[in-house]
Amino acid sequence: MGFFQWQERSSEVLLSGGVIGPDERLPWPQTGLMGVQHVIAMFGSTVLAPILMGFDPNLAVFMSGIGTLIFFLITGGKVPSYLGSSFAFIGVVIAASAYAGKGPNENIGLALGGIVACGAVYTLVGVVVHVIGTGWIERFMPPVVTGAVVAVIGLNLAGVPIKNMAANNFEAWMQALTFVCVALVAVFTRGMVQRLLILVGLILASIAYAVLTNGLGLGKPIDLSGVAAAAWVGLPQFHAPVFSAPAMLLIVPVVIILVAENLGHIKAVTAMTGRNLDQYMGRAFIGDGVATMVSGAAGGTGVTTYAENIGVMAATRIYSTAVFLVAALIAVLLGFSPKFGALIQAIPLPVMGGVSIVVFGLIAIAGAKIWVDNRVDFSRSGNLLVAAITLILGTGEFTLKFGDFALGGIGTATFGAILLNAVLNRDERMHPPRRP
């Protein structure tokens, strides 16, 4: 297969419940719709992360598209992934830049220097993996660890929609209506509509929300004034990095979380597609590292392969890399169009929250699927305790501080899973069981 060539599959494959592999695609119109769905799936988190760090959300969307294109090129179009803003950077960026929590980050340059440095280290890890393979990483992060880390990513994000995206009882009910809409589309429709469950469910819930609020006055109405006022075309605001040793020392350790995330994501995609993507692991790390460097150099957030989009793939069973090429191009266009960005941001927050509940839940289940597919033996006390402790550390946002550096949530869960596995499963690593 050529670099930009995919085997076209008829849309009839959807009716039979078939799977679209990474080297396949649906006809371009359906591929385009799937690309839109992936943009919607990544949009909430890709915009939320920069807002929490005082970065420009429109630039973050733009750089997510650029980063995904870089990842696509470096992996040769073989690994289906979307790169969006990484939440792993939020705590260390706030600490490094002394961000107060409101408005633009006045010390954004210091944070950007650390992000670029983190991307450089990540790229070097990718080069090592590409040269000598993933064996040394997998010894530290076997399926019991990667499954737990992937599950924790979904569970750790659960509080975002439940605590922050519904301000009152009405909005909580709208969240419930939204995830019920998505679930009904997933179960009771067929073909392309079923594969577009996130997009279709979001549209149905938004219509219902508009009827209840704009029509009946039951809640905060949808406000499209921002869409009308926004310009069609506009440049995002770029920033230059400033390289400071203290800031870089705070931010660079995030690379361990990024490696664990990416490894877990690729393992999840491997489990879902039935295709071994280990040979592309090094290139995937390099692609993510280079994309993070480019994003940080321009003023954007650090990026990572997005579990939200893996959740969409799990639901649709469409793993075509062509979909992510389309999604990346759409994100780049959105970055240049404040009006389209305003339109997406006009989606009611409770509706986005309901969609997030579905997507984050699918991420958690993808982690469990890694355990199932790799037949992780939970009758072993070591495996049981590694998984159990990791899930609670990540879900409960367990935080440890080392001076000014705070490691919390996904970070403590990631390090905890690796260290606990090294100690509790030492005998198994030294004498691995024979595979039948």
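How many helices and strands does the chain have? The chain, seen here as a predicted model, has 22 helices and 6 strands. The points below are grouped by topic, beginning with the overall dimensions.

**Overall form**

- Taken along the principal axes, the box filled by the C-alpha atoms of the chain is roughly 65 × 55 × 45 Å.
- Of the 436 residues in the chain, 56% are buried.
- When contacts between residues at least 6 apart in sequence are considered, 79% of them join residues that are at least 24 apart.

**Packing of helices H14 and H16**

- Two packed helices are described by the angle between their axes together with the distance between those axes.
- Helix H14, which covers residues 254-273, packs with helix H16, residues 307-316, at an angle of about 5 degrees and with 11 Å between the axes.
- Angles under 35 degrees count as roughly parallel, and H14 and H16 are therefore roughly parallel to each other.
- On the H14 side the contact is made by His265, Ala268, Val269 and Met272, while H16 contributes Ala307, Ile310, Met313 and Ala314.
- By residue class, this contact of H14 with H16 divides into 7 nonpolar residues, 1 polar residue and no charged ones.

**The salt bridge**

- A search of the whole structure finds 1 salt bridge, and lysine 369 forms a salt bridge with aspartate 373 in which the closest N and O atoms are 2.8 Å apart.
- Both residues belong to helix H19 (residues 349-373), and because they are 4 residues apart there, lysine 369 and aspartate 373 are separated by about one helical turn.
- Lysine 369 counts as partly exposed, its relative accessibility being 33%, and aspartate 373 is partly exposed as well, with a relative accessible area of 38%.

- Once neighbours within four places in sequence are left aside, serine 97 is in contact with Asn105, Asn107 and Ala111.
- Tyrosine 99 is placed in the loop that runs between helix H4 (90-97) and helix H5 (108-132), and at 10% relative accessibility tyrosine 99 counts as buried.
- With neighbours within four places in sequence again left aside, tyrosine 99 is in contact with Ile51, Leu52, Met53, Gly54, Ile94, Pro104 and Asn105.
- From tyrosine 99 to threonine 316, a separation of 217 residues in sequence, the C-alpha to C-alpha distance is 39 Å.

**Alanine 186**

- Is alanine 186 buried or partly exposed? Alanine 186, which is found in helix H9 (residues 169-188), is partly exposed, with a relative accessible area of 26%.
- If residues up to four places away in sequence are not counted, alanine 186 touches Gln194 and Leu197.
- Alanine 186 and valine 200 are 14 residues apart along the chain, and their C-alpha atoms are separated by 9.7 Å.

Methods
Residues numbered from 1 in each chain as written. Predicted model: local features only at pLDDT ≥ 70, side-chain atom pairs only at ≥ 80, totals over all residues. Heavy atoms only, no water. Helix = DSSP H or I, 4+ residues; strand = E, 2+ residues; numbered from the N terminus. Buried < 20%, exposed > 50% of the residue type's maximum accessible area, 1.4 Å probe, protein only. Contact = heavy atoms within 4.5 Å. Salt bridge = Lys/Arg side-chain N within 4 Å of Asp/Glu carboxyl O. Axes fitted to C-alpha atoms, helices over the stretch in contact; angles between N-to-C directions. Parallel < 35°, antiparallel > 145°, perpendicular 65-115°, else oblique. Nonpolar A, V, L, I, M, F, W, Y, C, P; charged D, E, K, R; others polar.
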